[in-house]
Amino acid sequence: MTDEPPSAETHFGFRTVPEAEKAGMVHGVFSSVARRYDLMNDLMSGGMHRLWKEALVDWLAPRPGMHLLDVAGGTGDIAFRVLKRLRGEGHVTVCDMTQAMLDEGMRRAETQGVASIDWVCGDAMHLPFAERSFDACTIAFGIRNVTRIEDALNEAYRVLKPGGRFLCLEFSRVTNSGLEWLYDRYSFNVIPPMGQAVTGDRDSYRYLVESIRRFPDQERFAAMIREAGFGQVKHRNLSMGVAALHSGWRL
């Protein structure tokens with residue numbers, strides 16, 4: 001009898017788990033918090049996430065006729081912002097692995113009378129789209145939850161047209177030591193109890209805080225984007241590195 005090879009492992013927050021289990025665990029987190037996800041983003045960041053997302057759209061500089069893929073964009077925050085800039089002269093496909101998040105996004109779209117969004121349930125590591133389908137691809141605060149970040153970057157490259165743009169907004173490494181000290185204490189001591197009070201789910205928000213600390217820093221993540229084949233890779237720190245924007249092009 002031959003020994004079976006050990007199963008690959010990854011992290012879920014500070015825990016080590018089998019790779020095969022992480023997607024289901026992440027799905028559980030976002031299914032749990034979907035209805036209050038946007039409210040919690042406002043409360044946790046003091047509204048700063050809105051400015052960070054506007055910065056992403058500014059750097060994207062949407063142009064008429066653009067077809068954007070927004071990965072892990074379930075509630076539509078990026079999609080609505082881009083379509084507002086385009087004044088109806090473009091289209092967005094939102095792809096998210098959690099149907100509850102997509103349901104919340106579709107509810108918002110119906111309330112706002114926005115029709116030019118496709119809502120697709122799919123995995124960032126196995127995007128259900130043909131090669132060279134999109135003019136741009138964005139992902140905001142989602143890539144750190146992916147089991148294999150490299151696979152998600154490769155998929156983003158695959159579905160972009162030549163000359164297409166990839167933009168990622170994600171929490172990153174704080175560059176100021178004093179702010180880092182305060183940020184750590186706020187993150188671990190305030191956000192999980194806030195999550196309990198607002199959504200009834202402390203554990204999901206503890207995971208989200210821990211996942212930020214496990215995500216690669218600015219330089220390492222930029223290197224991963226280059227390794228996926230993107231050119232002209234750049235990044236910008238936001239709020240002294242609390243978040244960062246990363247850009248790359250399929251040349």
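Reader: Which charged end sits over the ring of W59, 5.3 Å from its centre?

Author: Keep in mind that we're looking at a predicted model. To count as sitting over a ring, the CZ of an Arg has to be within 6 Å of the ring centre. At 5.3 Å from the centre of the W59 ring, the charged end that sits over it belongs to R165.

Reader: And what lies over the face of W59 at 3.8 Å from the ring centre?

Author: The cut-off here is again 6 Å from the ring centre. The residue lying over the face of W59, at 3.8 Å, is R236.

Reader: Back to R165: what is its bridge partner in strand 9?

Author: Strand 7 and strand 9 run antiparallel, with 7 bridges joining them. For R165, the bridge partner in strand 9 is W249.

Reader: What is the handedness of the β-α-β unit made by strand 6, helix 6 and strand 7?

Author: Start with the two strands: strand 6 and strand 7 run parallel and are joined by 6 bridges. One of the residues involved is I139, whose bridge partner in strand 7 is C168. Together with helix 6, these strands make a β-α-β unit that is right-handed.

Reader: Why is the pair of W52 and F141 called tilted?

Author: There are 8 aromatic pairs in the count. Planes under 30 degrees apart would be stacked and those over 60 edge-to-face, with the rest tilted. The rings of W52 and F141 have centres 6.1 Å apart and planes at 55°, so the pair is tilted.

Reader: How many residues apart in sequence are the parts that W52 and F141 tie together?

Author: Both W52 and F141 are buried. W52 lies in helix 3, while F141 is in the loop between strand 6 and helix 6, so the pair ties together parts separated in sequence by 89 residues.

Reader: What kind of aromatic pair do Y157 and F230 form?

Author: Y157 is in helix 6 and F230 in the loop between helix 10 and strand 8. Their rings are 5.2 Å apart, centre to centre, with 80° between the planes. Any angle over 60 degrees gets the label, so this pair is edge-to-face.

Reader: Of those two, is Y157 buried or partly exposed?

Author: F230 is buried, with a relative accessible area of 4%. The cut-off for buried is under 20%. Y157 has 22% relative accessibility, so it counts as partly exposed.

Key:
Residues are numbered from 1 along each chain as its sequence is written. This is a predicted model: local features need pLDDT of at least 70, side-chain atom pairs count only at pLDDT 80 or more; totals for chains, interfaces and linings use all residues. Side-chain values use heavy atoms; hydrogens and water are left out. Rings of Phe, Tyr and Trp (its six-membered ring) pair if their centres lie within 6.5 Å; planes under 30 degrees apart count as stacked, over 60 as edge-to-face and the rest as tilted. Helices (H or I, at least four residues) and strands (E, at least two) are DSSP runs, numbered from the N terminus. Buried means under 20% relative accessible area, exposed over 50%, partly exposed in between (1.4 Å probe, protein chains only). A charge sits over a ring if NZ of Lys or CZ of Arg is within 6 Å of the ring centre and within 35 degrees of the ring normal. Two strands pair if DSSP finds at least two bridges between them. A crossover is right-handed if, with the strands pointing away from the viewer, the path from the first strand over the helix to the second runs clockwise.
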